Amino acid sequence: MTILRGDKRGWGFIAPALLWTLAFFVVPFLVMGAMSFATLEGRTLVWGLSLDNYAEPGKSGSCGGRSSCRLRSR
Amino acid sequence: MSLEITLTVTAVSVVLAYPLAWIIAFRVPQRWQRLVLLLTILPFWTSYVVRSYAWLLVLAREGIVNQTLIGMGLLSEPVTLANTRFATVTGFVHFFVMLLTVTIYANLVQLSPSYRRAAMDLGASAFQTFRHVILPLTLPGVVTGAFLTFVLCIGDYVTPQILGGNNELTVPQLIMVQLGRRADFPLAAALAIVLMAIVTLAYLASARWLRLDRL
């Protein structure tokens, strides 16, 4: 009983930090991860599982120059 | 590009910060150490936008560096230093040497002087004492500072934007281009995920190497 109460108190202490991390790190990160597999058709976002965005920086050599990943047109 | 700049900045910063921290910890009299440390971290008190613009003025074609080199007869005409990778690295190193100096200094002052005395008593030279006693004991501080430098440097947008110009884009600059000009959120998200993956790998490498589970 004491252990359970201690556990609950422990969870109570870390709950604000967990909620904060969940709301401002985990959820945005998951959304960002999902969006990285999406594509743009014109100005419309199409959700999917495309790896084009990950292949894009590798095209035309370095992504640091005036390469396709900077200047690509849709 | 980002990775090259980040690794260069981290390596140069460690090489410059370690001797500086060493001098402050062991060569500066104790009553002056606080003041010297304060002077070392003084640039922290200004915004890094201001610091970057200050470096831009220093490295400009009419800046103090070019004027000094021309005045000394080493150059006949000004060279382009601003808006180059060199300028970006210089701006970063200036900032991160301060950070690393503090972390390494904190490690050095915690070392008991008896370690050095024991090594010397056993016949070790000053270099051997440093190589086999001091350096291994201060490596946790060095690696922690280097990891912080790596993370802050690879994700920084302002310094490369001001000092590097748009000749070579780092990953944060590319992300900003996708978000600001092209509204290409999927590509920006993919670049951000790649950036996070690199930082995670750097963390795993440093954590594994430091064996944080033993601390």
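Modeller: Along the sequence, chain B reads α-α-α-α-α-α-α-α-α-α. That comes to 10 helices and zero strands. Helices (H or I, at least four residues) and strands (E, at least two) are DSSP runs, numbered from the N terminus. The model is predicted: local features need pLDDT of at least 70, side-chain atom pairs count only at pLDDT 80 or more, and totals for chains, interfaces and linings use all residues. Residues are numbered from 1 along each chain as its sequence is written, while chains are lettered from A and ligands numbered from 1 in the order in which they are written.

First, the setting. The C-alpha trace of chain B spans about 65 × 50 × 30 Å along its principal axes. Of its 215 residues, 30% count as buried. Buried means 20 or more other C-beta atoms within 10 Å of the residue's own; exposed means 12 or fewer; partly exposed lies in between, with C-beta atoms placed from the backbone. Take the contacts in chain B with a separation of 6 or more: residues 24 or more positions apart account for 73% of them. A contact here is a pair of C-beta atoms, placed from the backbone, within 7 Å. Chain A follows the pattern α-β-β-α-α. Its secondary structure comes to three helices and two strands. Of the 74 residues of chain A, 11% count as buried.

Now the part itself: helix α5 of chain B, residues 85–109. Two packed helices are described by the angle between their axes and the distance between the axes. Axes are lines fitted to C-alpha atoms, for helices over the stretch in contact, and angles run from 0 to 180 degrees between N-to-C directions.

One partner is α7(B), residues 126–154. The two axes come within 8 Å and cross at roughly 155°. That makes α5(B) roughly antiparallel to α7(B). Angles under 35 degrees count as roughly parallel, over 145 as roughly antiparallel, 65 to 115 as roughly perpendicular and the rest as oblique. The α5(B)–α7(B) crossing is right-handed. A crossing is right-handed if the near helix is turned clockwise from the far one by less than a right angle, and left-handed if anticlockwise.

Which residues meet? On the α5(B) side they include B:F92, B:F96, B:L99, B:L100 and B:I104. On the α7(B) side they include B:P140, B:G141, B:V142, B:G145 and B:L148. The residues of this α5(B)–α7(B) contact divide into 11 nonpolar, seven polar and no charged. Ala, Val, Leu, Ile, Met, Phe, Trp, Tyr, Cys and Pro count as nonpolar, Asp, Glu, Lys and Arg as charged, and the others, Gly among them, as polar.

Another partner is α1(B), residues 2–27. The axes of α1(B) and α5(B) come within 6 Å and cross at roughly 40°. That makes α1(B) oblique to α5(B). The α1(B)–α5(B) crossing is right-handed. Its contact residues divide into 22 nonpolar, four polar and one charged.

B:N83 is found in the loop between α4 (64–71) and α5 of chain B. Its phi is near 60°, a positive value in a residue other than glycine. B:N83 counts as partly exposed, with 18 C-beta neighbours inside 10 Å. B:G71 lies in helix α4. B:G71 counts as exposed, with 10 C-beta neighbours inside 10 Å. B:G71 and B:N83 are 12 residues apart along the chain, and their C-alpha atoms are separated by 23 Å.

B:L59 and B:N83 are 24 residues apart in sequence and 8.9 Å apart in space, C-alpha to C-alpha. B:L59 lies in helix α3 (residues 48–59). B:L59 is buried, with 22 other C-beta atoms within 10 Å. Not counting residues up to four places away in sequence, B:L59 touches B:V65, B:L81, B:A82 and B:A87.

Finally, another positive phi. B:A183 follows α9(B), in the loop between α9 and α10 (185–210). Its phi is about 55°, although it is not a glycine. B:A183 is exposed, with 12 other C-beta atoms within 10 Å. The buried residues of α9(B) are B:V171, B:P172, B:Q173, B:L174, B:I175 and B:Q178.

Technical notes
Contact = placed C-beta atoms within 7 Å.
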